[in-house]
Amino acid sequence: MGQIQNISLKNFRNFQSCKLSFNANFNILYGLNGSGKTNILEAISLLGKGRGFRNANLPSLSYKDSQTFIINSEYKYNSNLYDLKVYSEVKEEKSKKCISVNNESSKDAENFIYTSISFLFFLPEMERLFLASPNYRRNFIDKLIFSENKNYNKLINKYKINLIERSKVLQSSNYDSSWIDTIEKQISNLAIEIYNARNKQYEILNQHIKMIDNKKNYPFIISLKNIDKYEYEYGNEILFQKLLKENRAFDQKFGGSKIGPHKSDFIATINDKVSASDLSTGQQKTLVLMLLIAQCSYLINSKKTKPILLFDEICSHLDEINRNLLLDFSNQFDIQLFLTGTEKSMFSFISTNANLYNITDI
């Protein structure tokens, strides 16, 4: 399984240069606001597929007037050590993320990284997950799916591209009906695939939360469920295409698409009666940590993949329940965690197997 041994940054965010070594369990980055704690987590997340947990544009990642950045890391996987390098290049005024493994840049090198490294994130705004917008909740679930299926983002992007193409066609005064039929068929296939992936994810989380709760007796029993006005039509390609066709006039007038997985949401019911949106911020944080523990359980026990956890500004609303949940990530799964906070004392409950780094002094 994977473990990041160290990381070296050159011209990345607020760091002209920086090097840190890590241990196999808790790695705690503390320091003043603006010192760069989150930037280090972002650099680690860029070792995996995509543009990191901030999904930032590559030019914004470079230090001051630098046009490019370099991230080097030693990565231990199944007892073997690999030199990873993630860097940006500028060609024809466009920035590109590049990857090498042991100084080899190839599709095989990329595939190795993408299949061997899996991240799970906690960001401060997740404390209000069930009060946030449906779009934010969809992104949360999609990131959990992506932690297992690295091709899932391609599916989402392909769906969005087809929606945009359909909107362009609908804005034409005399569009080709056979062409839009073809686009809507593609949208239907992609939409149903997305719905199936999300429903599977809800089932996975529900199953593993129950499994863990039987051992740990957690404070809540959580049940996730997809909600959508046209839920039953979405299981059938023909019915979905029919709905798209019926909504052409509406979509032509208002743009976008009235229906589809980009409009869906999910709800969390607590102890079979209370909505998660009715809970306090601290309790909502408990739910999110439980969902992440459930995803860890699934990845480790069902997919034989150990995720690396990146938890940014984790210390607010950290009561005894949430502290114990944090410890459970290490105690139950023996995985590598990176935590950030403003003060060292916030992490006093983690007594062993922890490296601490004062980022203000770097």
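Colleague: Why is Asn206 called buried?

Modeller: Bear in mind that this is a predicted model. Asn206 has a relative accessible area of 15%, and buried means under 20%, so Asn206 counts as buried. Asn206 sits in helix α5. Setting aside residues within four places in sequence, Asn206 is in contact with Ile222, Ser223 and Leu224.

Colleague: How far is Asn206 from Ser257, in sequence and in space?

Modeller: The two are 51 residues apart in sequence, and their C-alpha atoms lie 30 Å apart in space.

Colleague: What makes α4 roughly antiparallel to α5?

Modeller: The axes of α4 and α5 cross at roughly 150° and come within 9 Å. Angles over 145 degrees count as roughly antiparallel, so α4 is given that label relative to α5. As for handedness, α4 passes α5 in a left-handed crossing. The α4 side of the contact includes Tyr152, Leu155, Ile156 and Tyr159, and the α5 side includes Trp179, Ile180, Ile183 and Ile187. Sorted by class, this contact has 15 nonpolar, 2 polar and 6 charged residues.

Colleague: And what makes α5 roughly perpendicular to α8?

Modeller: Those two helices pack at an angle of about 95°, with their axes 8 Å apart. The range for roughly perpendicular is 65 to 115 degrees, so α5 is roughly perpendicular to α8. Among the residues making the contact are Ile204, Leu205 and His208 of α5, together with Met290, Leu291 and Gln295 of α8. By class, the residues of this contact are 10 nonpolar, 4 polar and 1 charged.

Colleague: How do you know that α8 is roughly parallel to α9?

Modeller: The angle between α8 and helix α9 (residues 320-333) is about 10°, and their axes are 10 Å apart. Angles under 35 degrees count as roughly parallel, so α8 is roughly parallel to α9. Where α8 and α9 meet, the residues include Leu289, Leu292 and Ile293 in α8 and Ile321, Leu325 and Phe329 in α9. The contact of α8 with α9 has 10 nonpolar, 5 polar and 2 charged residues.

Colleague: Why is α8 called largely enclosed?

Modeller: Of the 21 residues of α8, 18 are buried, so α8 is largely enclosed by the rest of the structure.

Colleague: How do you know that the length of α3 fits its number of residues?

Modeller: The 15 residues of α3 should span 21 Å at 1.5 Å a residue, and the end C-alpha atoms are 22 Å apart, which agrees. The buried residues of α3 include Phe140, Ile141, Leu144, Ile145 and Phe146. Their cover includes β7 (119-122), α4 (152-170), α5 (177-216), β9 (265-270) and α8 (281-301).

Colleague: Why does Ser147 count as buried?

Modeller: Ser147 is part of helix α3 (residues 134-148). Its relative accessibility is 3%, and the limit for buried is under 20%, so Ser147 counts as buried. Apart from neighbours within four places in sequence, Ser147 is in contact with Ser118, Phe119, Leu120, Gln295 and Leu299.

Colleague: What makes His317 partly exposed?

Modeller: His317 has 43% relative accessibility. Buried is under 20% and exposed is over 50%, with partly exposed in between, so His317 counts as partly exposed. His317 is found in the loop between β11 (308-311) and α9. Its phi is positive, about 50°, although His317 is not a glycine.

Colleague: And Asn11, buried or exposed?

Modeller: At 15% relative accessibility, under the 20% cut-off, Asn11 counts as buried. Asn11 lies in strand β1 (residues 2-12). Asn11 has a phi near 55°, a positive value in a residue other than glycine.

Note on methods:
Residues are numbered from 1 along each chain as its sequence is written. This is a predicted model: local features need pLDDT of at least 70, side-chain atom pairs count only at pLDDT 80 or more; totals for chains, interfaces and linings use all residues. Side-chain values use heavy atoms; hydrogens and water are left out. Helices (H or I, at least four residues) and strands (E, at least two) are DSSP runs, numbered from the N terminus. Buried means under 20% relative accessible area, exposed over 50%, partly exposed in between (1.4 Å probe, protein chains only). Contact means heavy atoms within 4.5 Å. The expected span of a helix is 1.5 Å times one less than its number of residues. Axes are lines fitted to C-alpha atoms, for helices over the stretch in contact, and angles run from 0 to 180 degrees between N-to-C directions. A crossing is left-handed if the near helix is turned anticlockwise from the far one by less than a right angle, and right-handed if clockwise. Ala, Val, Leu, Ile, Met, Phe, Trp, Tyr, Cys and Pro count as nonpolar, Asp, Glu, Lys and Arg as charged, and the others, Gly among them, as polar.
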